[in-house]
Amino acid sequence: MSLDDPVIITCSISGSLANREQCPAIPYTPAEYAAEARRIVDEGAAMIHIHARRPDGAPSYEAEDFQAIADAIVAEVGDVIVNFSTGAIGVPVDKRIAYLRACRPDVAALNMGSMNYAKY
């Protein structure tokens with residue numbers, strides 16, 4: 001591997017558990033996600049990893065929230081790979097698959113082990 005080899009840079013915009021008390025810059029609304037995506041793509045990222053939030057900042061596993069965020073990002077930056085998270089604690093697998101089926105993102109993450117959620 002060398003610096004000349006092609007790579008894909010990806011960035012998770014909000015994470016799943018952090019909040020504005022921990023980091024005031026975490027986006028909650030689709031417009032805030034789009035603004036962060038613009039900054040990330042301008043710095044060279046090609047993929048945006050999405051943990052959906054409701055406008056009040058609460059984590060969401062609803063298709064309409066994922067779709068609103070993805071639509072805002074694509075409208076802002078155009079050609080970018082949209083990657084939806086499927087990681088969650090206490091959210092049934094069927095619910096985490098439902099928004100993938102409804103929204104059809106370019107990529108869906110699959111978490112196979114501990115993500116150290118108990119830390120928070």
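This is a predicted model: local features need pLDDT of at least 70, side-chain atom pairs count only at pLDDT 80 or more; totals for chains, interfaces and linings use all residues.
I looked for its charged partner and found K95, with which E62 forms a salt bridge whose closest N and O atoms are 2.6 Å apart.

I then asked how many salt bridges the model holds by the rule I applied. The count comes to 5 salt bridges, and I followed up some of them individually.

For R20 I noted a salt bridge with E32, in which the closest N and O atoms are 2.5 Å apart. R20 is in the loop between β1 and α1 (30-42) while E32 is in helix α1, so this pair ties together parts that are 12 residues apart in sequence. I also checked the accessibility of both partners: R20 is partly exposed, at a relative accessible area of 31%, and E32 is partly exposed too, at 30%.

For R38 I found a salt bridge with E76, the closest N and O atoms being 3.3 Å apart. Here too distant parts of the chain are linked, with R38 in helix α1 and E76 in helix α2, 38 residues apart. R38 has a relative accessible area of 26% and is therefore partly exposed; E76, at 37%, counts as partly exposed.

**Entry on helix α3**

Which residues of helix α3 (residues 93-103) are buried? I listed R96, Y99, L100 and C103. They cover an arc of only 100° around the axis, which is why I place them on the same side of α3. As background I kept in mind that an α-helix has 3.6 residues a turn, so residues three or four places apart point the same way. On the other side of α3 I found D94, R101 and A102 exposed.

I next looked at what lies over the buried residues of α3, and the cover includes α2 (63-77), β3 (81-84) and β4 (107-108).

A98 is also in helix α3, and at 39% relative accessibility it counts as partly exposed. I took one distance from it: A98 and D65 are 33 residues apart in sequence, and their C-alpha atoms are 12 Å apart in space.

**Entry on R104**

After α3 comes R104, and I stopped there on account of its backbone, as the phi angle is positive, near 50°. I noted this value although R104 is not a glycine. The residue lies in the loop between α3 and β4, and its relative accessible area of 65% makes it exposed; the cut-off for that term is over 50%.

**Entry on the nonpolar core**

I turned to the largest nonpolar core, which has 20 residues, and asked which of them touch the most other members. They are I13, I48, I50, F66, I73, V80 and F84. At least two residues of this core come from each of α1, β2, α2, β3 and α3, and α2 gives the most, with 5 residues.

I examined I13 in more detail and, leaving out residues up to four places away in sequence, wrote down its contacts as P27, Y33, E36, A37, I40, I48, H49, I50 and I73. Of these contacts, I48, I50 and I73 are named with I13 among the core residues that touch the most other members.

**Entry on the surface patch**

Finally, I looked for nonpolar side chains on the surface and found a patch formed by M1, V7 and I9, with about 390 Å² of accessible area together. I9 lies in the segment before β1 (10-12), and at 44% relative accessibility I count this residue as partly exposed.

Notes:
Residues are numbered from 1 along each chain as its sequence is written. Side-chain values use heavy atoms; hydrogens and water are left out. Patches are made of residues with over 30% relative accessible area and no salt bridge: like charges are joined within 9 Å, nonpolar side chains (Val, Leu, Ile, Met, Phe, Trp, Tyr) within 5 Å. Accessible areas come from the Shrake-Rupley method with a 1.4 Å probe; for residues, only the protein chains shown count as cover. A salt bridge is a side-chain nitrogen of Lys or Arg within 4 Å of a carboxyl oxygen of Asp or Glu. Helices (H or I, at least four residues) and strands (E, at least two) are DSSP runs, numbered from the N terminus. Buried means under 20% relative accessible area, exposed over 50%, partly exposed in between (1.4 Å probe, protein chains only). The arc is that of the directions from the helix axis to the C-beta atoms. Contact means heavy atoms within 4.5 Å. A nonpolar core is a set of buried Ala, Val, Leu, Ile, Met, Phe, Trp, Tyr and Cys residues joined through side-chain atoms within 4.5 Å.
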